[in-house]
Amino acid sequence: MKTLLIICDGMADRPIPALGYKTPLEIADTPNMDWLAKRGISGIMDTIAPGTTPGSDTAHLALLGYDPYQTYTGRGPFEAAGAGIDLKPGDIAFRVNYATVDKNLVVTDRRAGRIQETKALAEAIQNIKLKGAEFIFRSTVGHRATLVLRGKGLSHEVSDSDPHEEGKKPLKVVPLLQSEEGAVPAYPIIAGGVRKYVMRRRWAAKTAKLLNEFSQRAYEVLKKHPVNIERAKNGLPPANYLLIRGGGVVPHLVPFYQRFRIKGACVAAAALVKGVCKLAGMTVVDVPGATGGVNTDLNAKAKAALQQLQDHDLVLLHVKGSDEASHDGNIKAKIEIIERVDSIINQFIDSFDFIAVTADHTTSISVKNHTADPVPVVISGPGVRTDDVRTFSERAAAKGGLGRIRGKYLLPIIIDLMGKSSKFGA
Ligand code: ZN
Ligand code: ZN
């Protein structure tokens, strides 16, 4: 039995006045999704919990059956895993921006003129060695990069150096656990005892110190790097500073196969989603042409999903464009990408036994951000207890036989339908 799980990022929405109080999914022409609804079971789903607004990373952790409250400390590890860095549980990972600072160390451009070619810069930075931790640095897309610290006695509980706005100096990284007077607050006595708290504080202080040293060394390397001298000559802002943020500790996730006894593959362009799937031990496929934006090559993704079908039981196909269009408040683009996703579904109908379609969260066009509204979900395939739902949308799905479920139950439900679940009890 083979399953395709299509996750359209942020596809779900709220009623929009400009659409006569309908949602983009209700307006979009989706004959294939409607067909799935007719021969499937529908429902609505709180990816994490009712009233909790998910990020894409925490939502995907939940959809893969992990408790985000146990496994998530920041997005750094998932970005780093998505960038192809081989991470170990306990590594501390950060997101990094190449930025421009002036001679007074004031940030003049948080994205260094959206610099594209940073390979040579990254190589120079990778040569920085500091006592106390191993530093792994890699450029990802454009002005973005990731930084991983590996070693003993490190912590993710440190502040960002990114001031998050221009015209300010990069911030000094400080341990987040330090109270103002340096005293031990009362609450950690409950959370693991004073000794553990003191240890955590020491680790955070060490990590903060290392990051400050690293930032200084990176600045010295970058400001005289030939790439930046060349950029300055051409009137381009030099990428002479690294802004660090989003620290998190790499969790130990029980691998997908061990958990569900099926092999999973992930076809996605978004680094964050690739990272979650990679850390979950799924096969992560790189699809050339799939940019992750509204104009992503969906046919290339469909082809990749069909290829993974050969040696995997479940393929997760992720589409990012629906979320991007929503953050931009672009109704037309959102409807278009939903229709484009719909148009590739018929390629899968003969190849997969089960097809499920859902979103990782609602991204409201009106709010231009994620909201906690539940998302619609449909599962279609042999043996599914069908219901009366005839179309795929937020409101239609709410009348379906699945009722209202949590994200962490979606895979167990699918795996049971696939005949792969084991009995609890005699
Ligand atoms: Zn998302
Ligand atoms: Zn989003």
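The arrangement around the zinc ion (ligand 2) is irregular, because its four donor atoms subtend angles of 55 to 147°. In this predicted model, the coordinating atoms come from Asp-323, which supplies two OD atoms, and from His-327 and His-370, each through NE2, at 2.0 to 2.5 Å. For comparison, ideal angles for four tetrahedral donors are 109.5 degrees. Along the sequence, the donor residues follow the spacing D-x3-H-x42-H. Asp-323 and His-327 both belong to helix 12 (residues 321-327), and since they are four residues apart, about one helical turn separates them. Asp-323 is buried, at 3% relative accessible area, whereas His-327 is partly exposed, at 30%. The zinc ion (ligand 1) lies 4.7 Å from the zinc ion (ligand 2).

Attention now turns to the packing of the chain. The largest nonpolar core holds 87 residues, and the members touching the most others are Leu-4, Ile-6, Leu-64, Phe-348, Val-357 and Leu-410. Helix 13 (residues 331-345) provides the largest share of this core, six residues. Domain 1 (3-72 + 252-417) and domain 2 (80-248) each contribute at least three residues. Beyond its neighbours within four places in sequence, Phe-348 contacts Leu-4, Ile-6, Ala-302, Ala-305, Leu-306, Leu-317 and Ile-355. A second, separate core comprises 32 residues, among them Tyr-98, Ala-112, Phe-137 and Leu-242.

Tyr-241 is located in strand 7 (residues 241-249) and counts as buried, with 9% relative accessibility. Outside the four places on either side in sequence, its contacts include Tyr-98, Leu-105, Pro-170 and Tyr-219. Asp-297 is 56 residues away from Tyr-241 along the chain, and their C-alpha atoms are separated by 34 Å.

How values were computed
Residues are numbered from 1 along each chain as its sequence is written. Chains are lettered from A and ligands numbered from 1 in the order in which they are written. This is a predicted model: local features need pLDDT of at least 70, side-chain atom pairs count only at pLDDT 80 or more; totals for chains, interfaces and linings use all residues. Side-chain values use heavy atoms; hydrogens and water are left out. A nonpolar core is a set of buried Ala, Val, Leu, Ile, Met, Phe, Trp, Tyr and Cys residues joined through side-chain atoms within 4.5 Å. Buried means under 20% relative accessible area, exposed over 50%, partly exposed in between (1.4 Å probe, protein chains only). Helices (H or I, at least four residues) and strands (E, at least two) are DSSP runs, numbered from the N terminus. Domain bounds come from an automatic or database domain assignment. Contact means heavy atoms within 4.5 Å. Donors are N, O and S atoms within 2.8 Å of the metal (3.2 Å for Na, K and Ca); water is not among the atoms, so sites may look incomplete. Four donors count as tetrahedral if all angles lie between 85 and 135 degrees; four count as square planar and six as octahedral if opposite donors are over 155 degrees apart and all others between 65 and 115; anything else is irregular.
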